[in-house]
Amino acid sequence: MCRKVWCSLLLLLLLLLMMCEVQAQEENRVIFLPGTFQNVSVSQNETVQAVVSRIPSEVAFITLQFHTQRRNATLSYTRMPGVGQSLTAVDSGLLSALLPDQTSLSLFLFSADGETVAGTGVILPYSSTDPVPGACNIEFNLDIDPNVYLRYNLYETTIRFAPANLGYERGQTPPACDTSTGSSTRWRLQYDVYQYFLPESDLSERSLFSGIQAMADIQGLMTNGKRVMTLSSADMSMAVFNSIPGQGVIFSVIVRDPVLNTSASYVPVHTYACSFASTMDGCQTLGKISTKVFFTIAGLAGLFVCFCGHRFFKCELFCMGFSFAAFFFFVLITRTTELNYDIRLAVSAVIGVVGGVLLVMSWWRFGSVMACVVVVGLMLGFLIASTVLFTPLGMKIRKHCSV
């Protein structure tokens with residue numbers, strides 16, 4: 001009797017475990033509708049299956065993009081991510097060319113860092129006449145790579161992307177990328193680079209996801225973004241921008257076919273030009289006390305030089321020498337060392353004091369007018385150059401330099 005009871009209990013427990021497993025599999029399955037954003041949370045050691053069904057026959061290829069704010073997520077064609085079959089990033093996307101009778105598609109999401117990742121994703125369909133973003137990729141890991149790759153430092157942000165190819169019907173062989181450069185090849189394609197600024201000083205996830213949704217597709221890019229440059233297929237597929245630490249910016253690219261008047265969008269990428277994980281120069285430490293104190297004193301000294309400089313000529317010389325030496329040395333050690341930000345600021349201030357004293361001593365001992373004029377002229381040149389770089393002329397200069 002006891003054996004029968006125990007057997008019944010074991011069978012019941014097995015049934016419960018099987019039901020839980022089926023329920024967990026259903027919970028890991030997310031249905032995507034074309035053009036509709038879906039918020040997805042990927043837990044540790046969890047696989048989320050992104051499913052698209054009832055794909056219309058006129059759709060030739062589909063892109064799935066997934067965006068998080070801080071932590072990397074892995075987007076893969078297969079259940080087991082591999083080289084050339086997956087991409088790990090905060091802004092990731094995969095492009096799938098559809099087979100003739102294909103009506104459904106499955107891709108897979110993983111947490112790359114072993115922690116729960118929350119993000120938002122969307123499916124975008126394209127027809128056979130639309131260009132295929134990243135289809136002529138020879139630089140990055142994916143065969144067809146619709147992603148925009150971003151790198152930044154304290155001064156500049158660089159984006160790169162793979163060239164696109166002409167569209168083609170389901171099941172057909174893609175057009176050759178580099179056999180010729182005629183008007184019937186991918187060399188007729190043009191690339192519009194767009195930029196979108198998030199609300200100032202807003203590092204929230206909601207603000208980012210709202211911006212991503214505004215910039216995910218072609219219509220959103222043209223309505224909400226600012227077109228900063230247009231590249232031809234003969235140009236290098238890259239662009240360089242000024243970095244603004246703490247300011248959220250979204251970049252994306254639209255590839256256009258001027259002959260067929262069709263277009264497709266790459267996967268948007270975002271940056272704050274700072275790191276959420278870093279304890280030095282992180283996004284949360286931009287308003288440091290040392291920065292506020294240093295530049296408050298510098299601002300007061302600037303007001304003094306502006307209104308009372310020639311009455312206290314040696315003090316004016318000291319301020320000019322300080323500014324020149326501190327600025328130059330800060331840029332130098334930031335480029336060449338990995339020192340803490342506060343240490344760099346303190347060392348630059350010390351060097352600035354040395355520079356100011358040397359300029360005053362040069363005037364006092366040698367009466368050298370040339371040294372004083374050169375330093376003041378260089379400071380004015382720095383100011384004018386910095387101002388011009390933020391004008392349309394500066395954007396054009398940076399474009400030609402990047403090409």
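**View 1. Helix H6 and its span.** H6 has 26 residues, and its first and last C-alpha atoms lie 37 Å apart, close to the 38 Å expected at 1.5 Å a residue; the expected span is 1.5 Å times one less than the number of residues. Helices (H or I, at least four residues) and strands (E, at least two) are DSSP runs numbered from the N terminus. The model is predicted: local features need pLDDT of at least 70 and side-chain atom pairs pLDDT 80 or more, while totals for chains, interfaces and linings use all residues. Residues are numbered from 1 along each chain as its sequence is written, and side-chain values use heavy atoms, without hydrogens and water.

View 2. Just after H6, Gly367 adopts a positive phi of about 65°.

**View 3. Helix H5 and its partners.** The 24 residues of H5 (residues 313-336) should span 34 Å at 1.5 Å a residue, and the 35 Å between its end C-alpha atoms agrees. Buried residues of H5 include Glu316, Cys319, Phe322 and Phe330. The buried residues of H5 pack against H4 (289-308), H6 (341-366) and H7 (369-388).

**View 4. The chain as a whole.** The chain contains 8 helices and 17 strands. Of its 403 residues, 43% are buried. Among contacts between residues at least 6 apart in sequence, 72% join residues at least 24 apart.

Technical notes. Buried < 20%, exposed > 50% of the residue type's maximum accessible area, 1.4 Å probe, protein only. Contact = heavy atoms within 4.5 Å.
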